[in-house]
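Subject: Structure handover and findings

Hello,

I am passing this structure on to you.

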Amino acid sequence: CAAILANSLEGNRTLHSLNLSGSNEITGTGWGAFSKVLCNTASVNVTYLSNHTLMDLGYVVSQNKLSSLLELNSGADKEQVAIRKIIRHHAHLDMEPFLEWDFADKEQVAIRKIIRHHAHLDMEPFLEWDLKVMLLAVNWFGRARAYAENDESTIDTRKLSAIYHFARALPMMFVPPPNKRQPVKDR
């Protein structure tokens, strides 16, 4: 029953306290379910999306991991809480490059994530907007160049690749159709 209650808090972003005092029959499995909801270590993304809001269970928790997670959740900056959980539970990650980022600049963070994790940007979904989006894409790559972390040639290559995909998918926008000859009628 405790596991069901814990799992229902998975997407919680508002509940700060849940009074479980008097629930003396919660097993280790039940407390483990609460720990998993507060910090699911299946992947970095899942850890980031874990519950960072719940801070108190109204119960003296005997499990060190759970009490540590509840204490960590008491931090006011929930993004910082998520980052601390990732650093603590995903030791294999090289977090050094992220520490140099300006997290207040959301555009910069988004661009850097895209550059880092998407070697090829699929332009197919944007083709329905014709050349309007190609201009936006070229402009985006210009802004991305500033965040390229000493690898501007990669950005240029990706920009040229995006332009190529537009030209290949919409050839009539780039090259005029050949003149059609009128068939000669036999007399």
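The notes below go from the whole chain to single helices and then to a few single residues.

Please keep in mind that this is a predicted model.

Whole chain

The protein chain has ten helices and zero strands. Read from the N terminus, the order of elements is α-α-α-α-α-α-α-α-α-α. Of the 187 residues in the protein chain, 32% are buried. The chain exposes about 12700 Å², and 55% of that area is supplied by carbon and sulfur atoms. For contacts between residues at least 6 apart in sequence, 63% join residues that are at least 24 apart.

Helix H2 covers residues 28-38. Its buried residues are Gly30, Trp31, Ala33, Phe34, Ser35, Val37 and Leu38. What do the buried residues of H2 pack against? Their partners are helix H1 (2-8), H4 and H5.

Two of these residues, Trp31 and Phe34, also form an aromatic pair. A search of the whole structure gives one such pair. The ring centres of Trp31 and Phe34 are 6.0 Å apart and the ring planes stand at 40°; planes under 30 degrees apart would count as stacked and planes over 60 as edge-to-face, so this pair is tilted. Trp31 and Phe34 are three residues apart in H2, so about one helical turn separates them. Are the two residues buried or exposed? Trp31 has a relative accessible area of 7% and is buried. Phe34 is buried as well, at 1% relative accessibility. Both values fall under the 20% cut-off for buried residues.

Helix H4 and its two sides

Helix H4 runs over residues 64-73. In H4, the residues Leu66, Leu69, Leu70, Leu72 and Asn73 are buried. Why do they count as lying on the same side of H4? The arc they cover around the axis is only 160°, and this puts them on the same side. The buried residues of H4 pack against H2 and H5.

On the other side of H4, Asn64 and Glu71 are exposed. For Glu71 the relative accessible area is 61%, which is over the 50% needed to count as exposed.

The contact of H4 with H5

Helix H5 takes in residues 78-89. H4 and H5 pack at an angle of about 145°, and their axes are 9 Å apart. Which residues make this contact? From H4 come Lys65, Ser68, Leu69, Leu72 and Asn73, and these meet Lys78, Val81, Arg84, Lys85, Arg88 and His89 in H5. By type, the residues of this contact divide into five charged, three polar and three nonpolar. Leu69, Leu72 and Asn73 take part in the contact, and these residues are also listed among the buried ones of H4.

Two loop residues

Gly75 sits in the loop between H4 and H5. Its relative accessibility is 26%, so Gly75 counts as partly exposed. From Gly75 to Met55 the C-alpha to C-alpha distance is 9.0 Å, and the two are 20 residues apart in sequence.

Ser50 belongs to the loop between helix H3 (44-48) and H4. How accessible is Ser50? At 4% relative accessibility, Ser50 counts as buried. Leaving out residues up to four places away in sequence, Ser50 touches Arg13, Val37, Leu38, Cys39 and Asn40. Of these, Val37 and Leu38 are among the buried residues of H2. Ser50 and Lys36 are 14 residues apart in sequence, and their C-alpha atoms are 8.2 Å apart in space.

That is what I have for the handover.

Regards

Key. Residues numbered from 1 in each chain as written. Predicted model: local features only at pLDDT ≥ 70, side-chain atom pairs only at ≥ 80, totals over all residues. Heavy atoms only, no water. Axes fitted to C-alpha atoms, helices over the stretch in contact; angles between N-to-C directions. Helix = DSSP H or I, 4+ residues; strand = E, 2+ residues; numbered from the N terminus. Contact = heavy atoms within 4.5 Å. Nonpolar A, V, L, I, M, F, W, Y, C, P; charged D, E, K, R; others polar. Phe/Tyr/Trp six-rings, centres within 6.5 Å; stacked < 30°, edge-to-face > 60°. Buried < 20%, exposed > 50% of the residue type's maximum accessible area, 1.4 Å probe, protein only. Arc of directions from axis to C-beta. Areas by Shrake-Rupley, 256 points an atom, 1.4 Å probe, with all protein chains shown as cover.
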